[in-house]
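Subject: Structure for you to look at

Dear colleague,

I am passing on the structure below, together with some notes on what came out of it. Please read the notes with the model open beside you.

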Amino acid sequence: MDVLAFTAVVFAGSLFAGFLGSLTGLGGGVVVVPLLTVALGVDVRYAIGASLVSVIATSSGAAAAYLREGFTNMRVGIFLEVATTAGAIVGASVTTRLPGTTIEVVFGVVLLVSVYLTLAIREQAAGAAPLGGSRAPPRRRGGPNPGPPREGANQPPRGPLGFGIMAGAGLISGLLGIGSGAVKVLALDQAMRLPFKVSTTTSNFMIGVTAAAGAGVYLRRGFISPSLAMPVMLGVLGGSLIGARLLIGARVRLLRVVFALAILALGVEMIVAGLHL
């Protein structure tokens with residue numbers, strides 16, 4: 001396969017990955033890394049490096065919109081970035097030294113856990129209040145904490161627990177090149193008791209910064225190839241935008257279940273490939 005054909009295939013696959021990731025809420029990285037590794041034979045380290053670049057691009061656009069609308073809790077996000085960036089640097093440093101087969105097995109296991117966490121969080125959020133419902137704070141400009149002031153708003157409860165979970169989320173992000181948004185939302189929503197909409201928007205803000213920390217390690221060690229990262233970034237970004245538009249009028253629960261099954265299959269495939277079964 002020549003360079004042009006390979007680039008076209010990578011772009012098409014990344015477009016599908018971004019579309020699939022936006023519908024499941026897991027992000028395009030969970031699809032693009034198995035796709036590049038299993039289907040196209042790309043070294044898993046280069047696939048993770050390209051995925052991190054795409055995570056930075058897709059997170060930045062959405063994070064800017066949420067921040068402009070006043071939903072993102074900047075104070076909590078910046079505080080927890082200390083944990084996620086440190087975890088991402090450690091995870092990326094470990095990955096660049098691990099055998100590729102070990103990374104594939106770990107990636108497959110994390111995919112299976114991420115699908116479970118995402119479906120559990122989404123189901124709980126749907127049962128408690130719709131996105132933008134009673135738990136969502138009203139729009140407010142001019143302050144780091146959206147919504148009306150409430151007791152303990154500036155110091156969310158169980159902060160150390162959330163900080164520890166965020167360190168683990170950063171470790172996963174740097175280790176595998178995914179946003180680990182499900183783990184971040186789990187820390188913000190369940191451990192720190194922030195409203196669900198604030199949790200999701202703050203998590204989105206943090207994902208790009210965490211990915212940038214991990215990408216720096218991959219770049220320094222030569223595992224980010226511009227010829228691979230560029231079509232992956234453009235494809236995932238385009239697919240995410242398409243998925244976001246279709247998600248508005250789609251049957252969300254059915255779509256997420258169907259595509260979660262597809263990601264489960266990818267996780268199993270990564271484990272099988274890593275174990276050479």
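I would begin with helix 8, which is mostly covered, as 20 of its 25 residues are buried. Here buried means under 20% relative accessible area, exposed means over 50%, and partly exposed lies in between, with a 1.4 Å probe and protein chains only. Helices are DSSP runs of H or I of at least four residues, strands are runs of E of at least two, and both are numbered from the N terminus.

Before going further, please keep in mind that this is a predicted model, in which local features need pLDDT of at least 70 and side-chain atom pairs count only at pLDDT 80 or more, while totals for chains, interfaces and linings use all residues. Residues are numbered from 1 along each chain as its sequence is written, and side-chain values use heavy atoms, with hydrogens and water left out.

To return to helix 8, its end C-alpha atoms are 36 Å apart, which agrees with the 36 Å that its 25 residues should span at 1.5 Å a residue; the expected span is 1.5 Å times one less than the number of residues. After helix 8 comes G222, with a positive phi near 80°.

On the overall fold, the secondary structure of the protein comes to 10 helices and zero strands. Of its 277 residues, 49% count as buried. Among contacts (heavy atoms within 4.5 Å) between residues at least 6 apart in sequence, 83% join residues at least 24 apart.

The packing of helix 4 against helix 6 is described in some detail. Their axes come within 6 Å and cross at roughly 35°, where axes are lines fitted to C-alpha atoms, for helices over the stretch in contact, and angles run from 0 to 180 degrees between N-to-C directions. Residues making the contact include F79, L80, A83, G87 and G91 of helix 4, and G162, F163, M166, G170 and G174 of helix 6. By class, this contact has 13 nonpolar, seven polar and no charged residues, with Ala, Val, Leu, Ile, Met, Phe, Trp, Tyr, Cys and Pro counted as nonpolar, Asp, Glu, Lys and Arg as charged, and the others, Gly among them, as polar.

Within helix 4, L80 is buried, with a relative accessible area of 0%. Leaving aside neighbours within four places in sequence, L80 is in contact with G162, F163, M166, L188, M192 and M206. L80 and K184 are 104 residues apart in sequence, yet their C-alpha atoms are 9.7 Å apart in space. In helix 6, S173 is buried at a relative accessible area of 1%, and, not counting residues up to four places away in sequence, it touches L52, I178, S180, T210 and A211.

How many aromatic pairs are there? The count comes to two, under a rule by which rings of Phe, Tyr and Trp (its six-membered ring) pair if their centres lie within 6.5 Å, with planes under 30 degrees apart called stacked, over 60 edge-to-face and the rest tilted. Y46 and F223 form an edge-to-face pair, at 5.4 Å centre to centre and 80° between the planes. This pair links distant parts of the chain, since Y46 is in helix 3 and F223 is in the loop between helix 8 and helix 9, 177 residues apart. Y46 is partly exposed, with a relative accessible area of 30%, whereas F223 counts as buried at 16%. F79 and F163 form a tilted pair, at 5.3 Å centre to centre and 45° between the planes. F79 lies in helix 4 and F163 in helix 6, so the pair ties together parts that are 84 residues apart in sequence. F79 is partly exposed at 44%, and F163 is partly exposed at 27%.

Finally, a backbone point to check: R193 has a positive phi of about 60° although it is not a glycine. Most residues other than glycine have a negative phi. R193 is found in the loop between helix 7 and helix 8 and is partly exposed, with a relative accessible area of 47%.

With best regards
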